Amino acid sequence: MQPPPVASPPEQAPIPPGFRSGFVALAGRSNVGKSTLLNRLVKARVSIVSPVPQTTRVVIRAVARTEEAEVIYLDTPGIHRPQYRMNREMVRSAQEALSGVDLLLLLIEGPGGFGPGDDYMLRVLSGTSIPVFLVINKIDAMPRPALLPLIGNVRGRREWREIFPVSALTGEGCEELERSIRSLLPEGPPLFPPDFLTDLPTRLALGELIREQLLLRTREELPHSTAVIVDRLEETEKGEYRVGATIYVDRESQKGIVIGRGGEMLKAIGTTARMEMAAYLGSAAHLSLWVKVKKDWRDDPLLLRLLGIAQEG
Ligand SMILES: Nc1nc2c(ncn2[C@@H]2O[C@H](COP(=O)(O)OP(=O)(O)OP(=O)(O)O)[C@@H](O)[C@H]2O)c(=O)[nH]1
Ligand SMILES: [Mg+2]
């Protein structure tokens, strides 16, 4: 009797010789455009963006894959002076992400120039032996003649592997930056499957889409005092999604702002977030939103763990 045929291993795409892979962290003070740049580099909307400082609260990894390289980018919370337990965790996680990578991108912004927050970043990075690119972002929003003096100002402040003026918003200068990033990575095989984009868990990603709307629509009144927990995520028989989420605020008065007159604000937040969720999930999303007051939630270890901001244990 013939032995059964041995199953051949699944076909793997051959890795081209000289393929490179590695980790690149985006660092900098709040609001310089780290998340905007991450989204541009991975060509997807992975990390939320807003004009409010301290938008990003957790380290987000996302992968950019080309034929010759795989770059795993780490978006980090902006380094700032921490006031609450939440902010201490944010700064701790950001600093932790800056070690153990192959390359650091230190972002500053052109229009505001080099300030005390950037100087503090230099101190954070002072002991590192990892190569650092200085990325001067937002050059679309500054007069061109101001660029050279700014480069002159920052050039001697530490050793930079290279300096790149870019606009994460328009994409100007970003291809040159990407090319240099790829050429600096070590040779090695890809670490993730070709369709892998981010390790951000779906529930956190959906919560972030709601928080982005909160930041964009209510920023004057409640910049940092909201958190979103997705309590429910179910797939229906039709392949659509039912999402239930709770928005936490610090004070009763903030609850009124989030709900708005006649519920208008909450409705607007829900409508846009639901559309964003549908795009993210690739199928229709039905969203129920609740608003709860939880005083001092930014110092609550359990809630911070649920939000992925504090570590387990
Ligand atoms: N004009 C201009 N605005 C930009 C550019 N990049 C980012 N921005 C704006 O700058 C603001 C902050 O951008 P983010 O990407 O959220 O900044 P961040 O560094 O991730 O901020 P944190 O997460 O708070 O640390 C947003 O309003 C962006 O639209 C740029 O190249 N040009
Ligand atoms: Mg950010």
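1. Arg-158 lies over the face of Trp-160, 5.8 Å from the ring centre. Arg-298 does likewise with Tyr-84: its charged end sits over the ring, 4.0 Å from the centre. The criterion is NZ of Lys or CZ of Arg within 6 Å of the ring centre and within 35 degrees of the ring normal.

2. On provenance: this is a predicted model, where local features need pLDDT of at least 70, side-chain atom pairs count only at pLDDT 80 or more, and totals for chains, interfaces and linings use all residues. Residues are numbered from 1 along each chain as its sequence is written, chains are lettered from A and ligands numbered from 1 in the order written, and side-chain values use heavy atoms, without hydrogens or water.

3. The magnesium ion (ligand 2) is coordinated by Ser-35 (OG) and Thr-56 (OG1), at 2.0 to 2.1 Å. Donors are N, O and S atoms within 2.8 Å of the metal (3.2 Å for Na, K and Ca); water is not among the atoms, so the site may look incomplete. Ser-35 lies in helix H1 (residues 34-42) and Thr-56 in the loop between H1 and strand S2 (60-65), so the pair ties together parts 21 residues apart in sequence. Helices (H or I, at least four residues) and strands (E, at least two) are DSSP runs, numbered from the N terminus.

4. Ser-35 is buried at 8% relative accessibility. Thr-56 is buried at 7%. Buried means under 20% relative accessible area, exposed over 50%, partly exposed in between (1.4 Å probe, protein chains only). In H1, 7 of the 9 residues are buried, so the helix is largely enclosed by the rest of the structure.

5. Strand S3 (residues 69-75) has 7 of its 7 residues buried. Both faces are covered: Ala-69, Val-71, Tyr-73 and Asp-75 on one side, Glu-70, Ile-72 and Leu-74 on the other. S3 pairs with strand S1 (residues 20-27) in the parallel sense over 7 bridges, and 6 bridges join it to S2, antiparallel. Pairing requires at least two DSSP bridges between the strands. S2 and S3 form a hairpin with 3 residues between them.

6. There are 2 aromatic pairs in the whole structure. Phe-133 and Phe-164 are tilted: 5.1 Å centre to centre, 50° between planes. Phe-133 is buried at 0% relative accessibility. Phe-192 and Phe-196 are stacked, at 4.6 Å and 15°. Rings of Phe, Tyr and Trp (its six-membered ring) pair if their centres lie within 6.5 Å; planes under 30 degrees apart count as stacked, over 60 as edge-to-face, the rest as tilted.
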